[in-house]
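Have the sequence and the 3D view ready as you read.

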Amino acid sequence: MVATNVKAETMSLMDKRSALEAEMNSIIARLSQPGAPGLSGNLVDSEDFPHSDIDVPVVRAERRRLAELRSDHNEVTDKINLNIQILHSARLGNRSFKNSDTQVSSNMDTVASTPSQNVLLIRSPNSMDVNVLISRPFAMVDEIADASPAVEDGLQLGDQILKFGNVEAGDNLLQRLSSEAQSNLGCAVPVVIMRQGTVINLTITPRPWQARGLLGCHFRIL
């Protein structure tokens, strides 16, 4: 009964997180469109006067709202991760109670050694059960240039990065992402992303293009 309630709560949290991500992506798209100030661009000129072509109060309100959404997203994700531990403990308890020799087929069981802070639950497509585990996103695409290698290979603004080549989690992520791109110049790099709650596999090839960098996008560490 406890596991059922936790699963129901987790599914509700997943819906809430998807709604948060949709609103975040919408704000990011508005702030990053051509002529917009971006997520952190200056709203005043060199003489500290507001830019005449920017609706400063609206931009400030959207940036504030984005910060609130990010905070809420982190809280919801932490709660989902806590529920993972509860569900996994209940699953292991059921296995021991039934029969230690009985083999239970479950995606959750196959990743028992995965640190809970780096995994997330997604819906099982076959039932109301919530047993599928994936890596937790560690970065998000918060800026991306038109006609860049990233865009041409399928990356989109707001995509959350689960894996980029050999980079999945840990410290110095921006430096490691940069090194991964440089060391794979001209080579296809497998990338796993989450887009509006859906896990997608891409292949991105870091390469020179008309502007700086090898990808043409910027990652924000989550």
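A search of the whole structure finds 8 salt bridges. A salt bridge here is a side-chain nitrogen of Lys or Arg within 4 Å of a carboxyl oxygen of Asp or Glu. Side chains of opposite charge can pair when their charged atoms come close. Before you go on, please keep in mind that this is a predicted model: local features need pLDDT of at least 70, side-chain atom pairs count only at pLDDT 80 or more, and totals for chains, interfaces and linings use all residues. Residues are numbered from 1 along each chain as its sequence is written, and side-chain values use heavy atoms, with hydrogens and water left out.

| Salt bridge | Closest N to O distance |
|---|---|
| E9 and K79 | 3.9 Å |

Start with E9 and K79, which form a salt bridge. This pair links distant parts of the chain: E9 belongs to helix α1 (residues 2-32) and K79 to helix α2 (residues 56-98), 70 residues apart.

E68 is partly exposed at 43% relative accessibility, and R65 is partly exposed at 29%.

E152 sits in helix α3 (residues 149-152) while R207 is in the loop between β6 and β7, so the pair ties together parts that are 55 residues apart in sequence. E152 is exposed, with a relative accessible area of 54%, and R207 is partly exposed at 22%. Salt bridges that share partners also join E23, R65 and E68 into one network.

Next comes the sheet. In what order do the strands of the open sheet lie? The 5 strands run in the order β6-β5-β4-β3-β7, with antiparallel pairing. The edge strands are β6 (198-204) and β7, each of which pairs on one side only. From one strand to the next, the twist averages 40°. Two strands count as paired if DSSP finds at least two bridges between them.

Let's look at strand β3 (residues 139-144), which pairs with β4 in the antiparallel sense over 2 bridges. In that pairing, A139 stands opposite I161 in β4. β3 also pairs with β7, again in the antiparallel sense, over 5 bridges. Here M140 stands opposite R220 in β7, and V141 stands opposite F219 in β7. In a regular strand the side chains alternate between the two faces of the sheet.

F219 turns up again in the next feature. The structure holds 1 aromatic pair. The rings of F164 and F219 have centres 6.1 Å apart and planes at 65°, so the pair is edge-to-face. Rings of Phe, Tyr and Trp (its six-membered ring) pair if their centres lie within 6.5 Å; planes under 30 degrees apart count as stacked, over 60 as edge-to-face and the rest as tilted. Because F164 lies in strand β4 (residues 160-164) and F219 in strand β7 (residues 217-221), the pair ties together parts that are 55 residues apart in sequence. F164 is buried at 1% relative accessibility, and F219 is buried at 8%.

Finally, turn to helix α4 (residues 173-183), where L173, L177, E180 and A181 are buried. Seen down the axis of α4, these buried residues fall within an arc of 95°, so they line one face of the helix. That arc is taken from the directions from the helix axis to the C-beta atoms. On the other side of α4, Q175, Q182 and S183 are exposed. What do the buried residues of α4 pack against? They pack against β4 and β7, where contact means heavy atoms within 4.5 Å. α4 lies across β4 and β7, running at about 145° to β7. Axes are lines fitted to C-alpha atoms, for helices over the stretch in contact, and angles run from 0 to 180 degrees between N-to-C directions.

Key
Helices (H or I, at least four residues) and strands (E, at least two) are DSSP runs, numbered from the N terminus. Buried means under 20% relative accessible area, exposed over 50%, partly exposed in between (1.4 Å probe, protein chains only).
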